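Hi everyone, thanks for making time. Let's bring the model up on the screen and walk through a few spots together.

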Amino acid sequence: MKEAFYITTPIYYVTDAPHIGHLYSTVAADVRARYERMLGNDVWFLTGTDEHGQKIQRKAQERKVTPQALVDEVVERYKDAWKDFEIQYDDFIRTSEERHHRTVRKYLAELIEKGDVYLAEYEGWYSVSDEAYLTETQVKDGKSIESGKPVELIREESYFFKMSTYAERLREYIEKNPEFIVPETRRNEVLGFLKQGVRDISLSRTTITWGIPMPESKQASKKHTVYVWFDALTNYISALEPDKTPEKFEKFWPEAHHVIGKDIIRFHAVYWPTFLMALGLPLPKQIIAHGWITMANQKISKSSGNAVDPRELAKKLGVDAIRFFILREFNFGQDGEYTRETMYQRINADLANDYGNCISRVASMIAKYMGDGENVVDIDGKASNLAEVCATAIPAYHQAMKKFLFHKAIEAAWTIVGAVNKCIEDSAPWALAKSQDPADKSKLHRVLWECHESLRIASVLAHPFIPGSSVKALDFLGSRQSLDSQSAMKDLKWGSGLKKVTVSKGAPIFPRLEWDKEDVG
Ligand code: MSP
C-alpha cells in the first residue's frame, strides 16, 4: 500500500550562501525522500528559508540594504545550490510568503483566545546569533554556554506562551515514544531539559520590526513582532496550507519527519511540540537530529570563518561524490571531522576504485567475453556467493535507511561491490576465457552474469545517494529499466534484472582524483 511520507529540512537563515553543513541536512532529507519514492510511497519533501528576525535585520543593516532585498538575493543562492545538488524537493517555503504569515497569525490568535498567551515583561539574555532567550545558568562570560555566541541583555514588554503547562505531557509522550526523537543521545538530552523544568517563553519582540506582526491587542502598549522561532517552526505546517488544502494537511502532517542539526533540538523537541499541543494538533512523527560537520573540532559555520562552499567542491569533485562523501564518511547521529584529505581518500577508494572501476571492468569483460547472442546463462546455476551477499545486504540496507543511518546503508550496499571485486579476483575471468574446456566457458558467463546482477542491485541501492552516477552505471550495464518501476526498491530481487546481458561503453563514472595538498579551494 502507498504510504504518505512527509520530510522536512530546517529552514535556513538567509544571511549568506549555504555551506557544507546546510548541504548535509538537505542531502540527508533528499536521500530519504528519494528512497521512499523508490519504495512507491507518496512523498512530500519540504525545504525553505527562515527570513525574519534580528539576525537578518542586522545583517541587512550591515550590508546597507533592506531586509527584503537581502533575503530576495540570498534565497536564490540556496535555490541554485539545491539545483546543483539535484535536491528533488516538492515545495520550497519562504517565511516572508503570505501563506506562511496567514497561518502564523491564525495560530497565534488561537493561542491568545485559548488563554495560553499572556502579556508581561521580559528581562534577560538574548542571543541574536541563535535567536534564543537564555537563562542565567545558560550564560557565562557574556556568551551562551551551549553555542559560544555572544548574548545581550534585553528588557521589553513581551507576550509569553505558557509552555510550562505542557511540559509534563511532553515528557510522558517522549517516554512512551522512544522513536520520537532520535538518536537516543538527543532524546536523553531533551528529557534532561524537561527535568530541569520548563519556563514560559517569550513569544514576541517589540524592538524588532522585521517579522510577522502579532495579532493586535488592546493591552499591549507597543507593536509586537512574532518571535522568530514560533514563526519559523510553523513553516512545517503553513507550507501545507491547512486552510486551503485540508486534505493535503491531513494526509502529510501526521507523517512528518523533521531532519535537523543537533544545535536546534530544543526548539524542535520542546518548543514545537508544546505549541502543537496547545493548538490541539498532532505531533510530528519523528525528529532526527544529526551531528555537526566540524573542522579542527569546531562546528563549521560562516561566523567561525571555516565555511566550506559545497558548490565550489562540486565543480572539482562532482555533485555525486560530495553527496556520497558527506553521508558515507560521517555517522549521521554524531559529529564528524571534515578534512580534504579524508574526502579525497573516501571518494577515490569507494567511488573511483571500488565502484566505478568495477562497473567498467565488468562491462568491458562482458563486451569482450560474452559477445551479443552468446550470453545466455543458466539462470538456475551458481558460480559465486554473490546471491547470498545480496540477500544479506538488501535487508540491512533497508533497515539502516528506515533509521536514517545512511553510513550503514551505504556500507551494506558496498558489501556487494566489495564481493564483486573479490569474485573477479578469485574467479579470474581472463583465465577462464583462455580455457578450451566448455565447462569453463559456461562458468565464465555465469560469473560475469552474477557480477553484473550484483552491480545492478548495488546501483539501485546507491541511487538515492548518487542519482546521476548510478543512472550512468545502470546505462553501462544495460539495466536502466531497473529504475522504471514505481517501486524500484521493493521490486529489487536477485535475477529479476536481466535474462540477457548487454553493455555499453563510456568514460569512467568516477575518475580518480589526484590529491593535491596545495589545492585548498
Ligand atoms: N533558521 C534556523 C532553523 C529553523 S527550522 C524551523 C537555523 N538556520 S541555520 O541556517 O542556522 O541552519 C541550521 C541548520 O543547518 C542546522 O540545524 C543544521 O541542520 C545545519 N547545519 C549548519 N551548520 C552545520 C554543521 N557545521 N554541520 C552540520 N549541520 C549544520 O538554525
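Asparagine 297 isn't a glycine, yet its phi is positive, at about 60°. Most residues other than glycine have a negative phi, and most peptide bonds are trans. Is asparagine 297 buried or exposed? It counts as exposed, because its relative accessibility is 69%; buried means under 20% relative accessible area, exposed means over 50%, and partly exposed is in between, with a 1.4 Å probe and protein chains only.

Before I go on, two notes on how to read this: it's a predicted model, where local features need pLDDT of at least 70 and side-chain atom pairs count only at pLDDT 80 or more, while totals for chains, interfaces and linings use all residues. Residues are numbered from 1 along each chain as its sequence is written, and side-chain values use heavy atoms, with hydrogens and water left out.

Back to backbone angles. Glutamate 86, in the loop between α3 (67-84) and β4 (91-94), also has a positive phi, near 55°. This glutamate 86 is partly exposed, with a relative accessible area of 36%. Helix α15 itself has 22 residues and reaches 32 Å from first C-alpha to last, close to the 32 Å expected at 1.5 Å a residue. The expected span is 1.5 Å times one less than the number of residues.

And where's the cis peptide bond? Between valine 182 and proline 183, with omega about -5°. Proline 183 is in the loop between β10 (181-182) and α6 (184-196).

Now, the ligand. There are 26 residues around it, and Ile11, Ser25, Asp50, Ile293 and Ile300 come nearest; near here means a heavy atom within 4 Å. Which helix or strand gives the most to that shell? That's α1, with four residues. By type, the shell divides into 14 nonpolar, nine polar and three charged residues. For that count, Ala, Val, Leu, Ile, Met, Phe, Trp, Tyr, Cys and Pro are nonpolar, Asp, Glu, Lys and Arg are charged, and the others, Gly among them, are polar.

Let's zoom in on some polar contacts, meaning pairs of N or O atoms within 3.5 Å (within protein, one must be able to donate a hydrogen and the other to accept it, and residues adjacent in sequence count only if both atoms are side-chain atoms). A side-chain N or O atom of aspartate 263 is 3.0 Å from a ligand oxygen. A polar side-chain atom of histidine 290 is 3.4 Å from an oxygen atom of the ligand. Isoleucine 300 uses a backbone N or O atom, 2.8 Å from a ligand nitrogen. On its own the ligand has 660 Å² of accessible area, and the protein covers 95% of that; these areas come from the Shrake-Rupley method with a 1.4 Å probe, and for residues only the protein chains shown count as cover.

Last stop: glutamate 241, in the loop between α8 and α9 (246-252). It counts as buried because its relative accessibility is 19%. Leaving aside neighbours within four places in sequence, glutamate 241 is in contact (heavy atoms within 4.5 Å) with Arg99, Arg102 and Pro246.

Conventions:
Helices (H or I, at least four residues) and strands (E, at least two) are DSSP runs, numbered from the N terminus.
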